Amino acid sequence: MPAVLALPNSGGVGAGAPSGTVPVLFCFSVFARPLSVPHGAGYELLIQKFLSLYGDQIDMHRKFVVQLFAEEWGQYVDLPKGFAVSERCKVRLVPLQIQLTTLGNLTPSSTVFFCCDMQERFRPAIKYFGDIISVGQRLLQGARILGIPVIVTEQYPKGLGSTVQEIDLTGVKLVLPKTKFSMVLPEVEAALAEIPGVRSVVLFGVETHVCIQQTALELVGRGVEVHIVADATSSRSMMDRMFALERLARTGIIVTTSEAVLLQLVADKDHPKFKEIQNLIKASAPESGLLSKV
């Protein structure tokens with residue numbers, strides 16, 4: 001017989017369920033919704049019910065565990081192997097966190113570049129915009145050399161213009177208009193789902209304290225490791241820029257430089273593409289104001 005762990009039926013939530021079914025309270029995050037499931041339902045059916053209730057909020061790229069509330073212990077316990085619903089019970093879906101501090105390596109096969117809102121109307125307003133354009137173009141050249149997918153967004157291009165002409169978008173996977181500050185749009189999530197094994201996003205563009213920051217935090221919340229290229233991102237205010245980079249670094253997001261990213265991706269002077277990457281970085285990248293006084 002399968003292992004069964006359930007709470008006694010004492011009425012209340014789900015009372016009056018159809019014959020042959022059992023009331024179950026499905027909990028996820030701050031939400032809790034009752035449903036009835038067939039007597040004897042197991043793990044797979046519970047997962048299907050979670051997806052039917054909360055599918056628009058569950059990030060399927062993350063690992064998760066199903067737990068059941070045990071009155072004996074007064075808390076949730078991991079669902080045992082072979083679990084089957086026999087009586088009224090309460091279950092929850094718990095996303096597992098990824099420890100970023102032990103990671104940090106970049107490999108071309110598990111990396112995507114995000115280029116955020118490098119648009120014409122920002123040119124006169126963003127500090128060191130010419131420098132970050134130069135560094136951004138260097139990164140996109142490196143992505144083409146190494147075969148790394150690139151996703152580009154443009155914030156309200158009808159009013160703010162398209163990506164600047166200096167940025168060569170040849171071969172990018174997606175160019176997407178947006179009004180949301182974060183780049184994490186449904187179309188972007190769908191594009192990421194098409195790329196097997198994505199673990200890291202290299203993120204650059206404008207503005208550091210708005211779209212870059214919100215994108216980074218949202219990606220980390222989905223279990224993706226984020227590398228922000230400090231010399232390829234800026235804001236209208238150096239104060240906003242520098243405090244955003246400091247805040248992001250404190251959250252475990254990796255704040256790095258363009259040269260560090262490109263050399264980490266080749267990792268070895270014997271890499272077949274090393275010479276091409278070396279040619280990109282022969283001239284040092286501009287400091288883009290990072291060494292100036294705030």
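Tutor: The side chain of Ser182 has a polar atom 3.0 Å from the backbone nitrogen of Val184. Please note that this is a predicted model, in which local features need pLDDT of at least 70 and side-chain atom pairs count only at pLDDT 80 or more, while totals for chains, interfaces and linings use all residues. Residues are numbered from 1 along each chain as its sequence is written, and side-chain values use heavy atoms, leaving out hydrogens and water.

Student: With which side chain does the side chain of Ser182 make a polar contact?

Tutor: A polar contact is a pair of N or O atoms within 3.5 Å; within protein, one must be able to donate a hydrogen and the other to accept it, and residues adjacent in sequence count only if both atoms are side-chain atoms. Here the partner is the side chain of Glu218, at 2.9 Å. For contact in general, the criterion is heavy atoms within 4.5 Å. Leaving aside residues up to four places away in sequence, Ser182 touches Cys211, Gln214, Thr215 and Glu218.

Student: Is Ser182 buried or exposed?

Tutor: Buried means under 20% relative accessible area, exposed over 50%, and partly exposed in between, using a 1.4 Å probe and protein chains only. Ser182 counts as buried because its relative accessible area is 1%. This residue is found in the loop between S8 and helix H4 (186-193). Such labels refer to DSSP runs numbered from the N terminus: helices are H or I with at least four residues, strands are E with at least two.

Student: How many helices and strands does the chain have?

Tutor: The chain has eight helices and 11 strands. Of its 294 residues, 44% count as buried.

Student: In what order do the strands of the six-stranded open sheet lie?

Tutor: Strands of a sheet pair through backbone hydrogen bonds, either parallel or antiparallel. Two strands are taken to pair if DSSP finds at least two bridges between them. In this open sheet the order is S8-S7-S6-S9-S10-S11, with parallel pairing. Its edges are S8 (174-178) and S11 (254-256), each of which pairs on one side only. Within the sheet, six bridges link S9 (residues 200-206) to S10 (residues 225-234) in the parallel sense, and Leu203 stands opposite Ile228 in S10.

Student: Which strands does helix H5 lie across?

Tutor: Angles run from 0 to 180 degrees between N-to-C directions, the axes being lines fitted to C-alpha atoms, for helices over the stretch in contact. Helix H5 (residues 208-221) lies across S6 (111-116), S7 (150-155), S8, S9 and S10, and runs at about 165 degrees to S9. In the loop between S9 and H5 one finds Glu207, which is joined to Val206 by a cis peptide bond with omega of about -15 degrees.

Student: How is the sheet of five strands arranged?

Tutor: That sheet is also open; its order is S2-S1-S5-S3-S4 and its pairing is mixed. Strands S2 (31-38) and S4 (75-78) form the edges, pairing on one side only. S1 (residues 21-28) and S5 (residues 89-95) run parallel, joined by five bridges, whereas S1 and S2 run antiparallel, joined by eight. Val24 shows both pairings: its bridge partner in S5 is Cys89, and in S2 it stands opposite Leu35.

Student: Where does Ser29 lie, and what is its phi?

Tutor: Ser29 lies in the loop between S1 and S2. Its phi is positive, about 55 degrees, although it is not a glycine. Ser29 counts as exposed because its relative accessibility is 61%.

Student: Which residues of the largest nonpolar core touch the most other members?

Tutor: In soluble globular proteins, nonpolar side chains tend to be buried together. A nonpolar core is a set of buried Ala, Val, Leu, Ile, Met, Phe, Trp, Tyr and Cys residues joined through side-chain atoms within 4.5 Å. The largest one here has 34 residues, and those touching the most other members are Phe113, Phe129, Leu139, Phe204 and Val261. Helix H2 (129-146) is among the elements that give two or more residues to this core, and with nine residues H2 gives the most. A second, separate core has 26 residues, including Cys116, Met183, Val184 and Leu248.
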